[in-house]
Amino acid sequence: MTTKTLSYYNQNAQSFSDSTLNVDMSALYAEFLPLIPKHGHILDAGCGSARDAMYFKQQDFTVSAFDASEKIAKLASNYLQQAVEVKTFQQLNCTNKYDGIWCCASLLHVPKVELPQVFLKLQNALKPNGVLYVSFKYGDTERVHNGREFTDLTEQLLSDLINQHTQLSIMKHWQSS
């Protein structure tokens, strides 16, 4: 995450967290959670408010979470009632640890040139047959919007990225509003 984007989240932590806590994610959970073993370990990577981590925890999954923003991670820790690490995707360094990794609207802040290495780190962090959920805004550019930097991807760009640099495979992709 760039300094500009990180500064945005640190300066707007409370309002950002408040604006995301009550978003209905049930349709996405319904796609992801059936693929995770009962009581499996899920990493909420770039967890923001910890809305999703809290839901997973309430469903009796083991949950770990991190966010690059120190101020957001502190709010998320308080909400989740457990430690949320302060780190970036580039700092993820573990092997065969998670049954699922949830990257909801978080990888989209990684510069396109760094995504191949980040996907390798995510792949390595998954247990065999682990499931990775990612979401991006639709497009083919890197752009700045409201003080944050975004990497937009189409289905083809995501497929190309995954197929060239990892052993991951796409089970399903879809567009939402």
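Me: What makes a local feature or a side-chain atom pair count here?
Reply: The model is predicted, and local features need pLDDT of at least 70, side-chain atom pairs count only at pLDDT 80 or more, and totals for chains, interfaces and linings use all residues. Residues are numbered from 1 along each chain as its sequence is written, and side-chain values use heavy atoms, with hydrogens and water left out.

Me: Why are β3 and β5 called edge strands?
Reply: The open sheet has five strands in the order β3-β2-β1-β4-β5, with parallel pairing. β3 (85-86) and β5 (126-134) each have a single partner strand, so one side of each lacks a neighbour in the sheet.

Me: What makes β6 and β7 a hairpin, and in which sense do they pair?
Reply: Strand β6 (residues 142-145) and strand β7 (residues 148-151) pair in the antiparallel sense over four bridges, and two residues lie between them. Glu142 stands opposite Thr151 in β7. In the turn, Asn146 has a positive phi of about 50°.

Me: Why is Asn146 called exposed?
Reply: A residue is exposed over 50% relative accessible area, buried under 20%, and partly exposed in between, with a 1.4 Å probe and protein chains only. Asn146 has a relative accessible area of 53%, so the term exposed applies.

Me: How do you know that the buried residues of α5 line one face?
Reply: In helix α5 (residues 70-80), the buried residues are Ile72, Ala73, Ala76, Ser77 and Leu80. They fall within an arc of 140° seen down the axis, so they line one face of the helix; the arc is that of the directions from the helix axis to the C-beta atoms. The face turned away from the buried side carries the exposed residues Lys71 and Lys74. Among the elements covering the buried residues of α5 are α1 (3-11), α2 (13-20) and α4 (51-58).

Me: Which residues of α6 and α7 meet, and what does "meet" require?
Reply: Contact means heavy atoms within 4.5 Å. Leu115, Pro116, Phe119 and Leu120 in α6 meet Leu158, Leu161, Ile162 and His165 in α7. By class, this contact has seven nonpolar, one polar and no charged residues; Ala, Val, Leu, Ile, Met, Phe, Trp, Tyr, Cys and Pro count as nonpolar, Asp, Glu, Lys and Arg as charged, and the others, Gly among them, as polar.

Me: At what angle do the axes of α6 and α7 cross?
Reply: The axes of helix α6 (residues 115-125) and helix α7 (residues 155-165) come within 10 Å and cross at roughly 65°. Axes are lines fitted to C-alpha atoms, for helices over the stretch in contact, and angles run from 0 to 180 degrees between N-to-C directions.

Conventions. Pairing = 2+ DSSP bridges.
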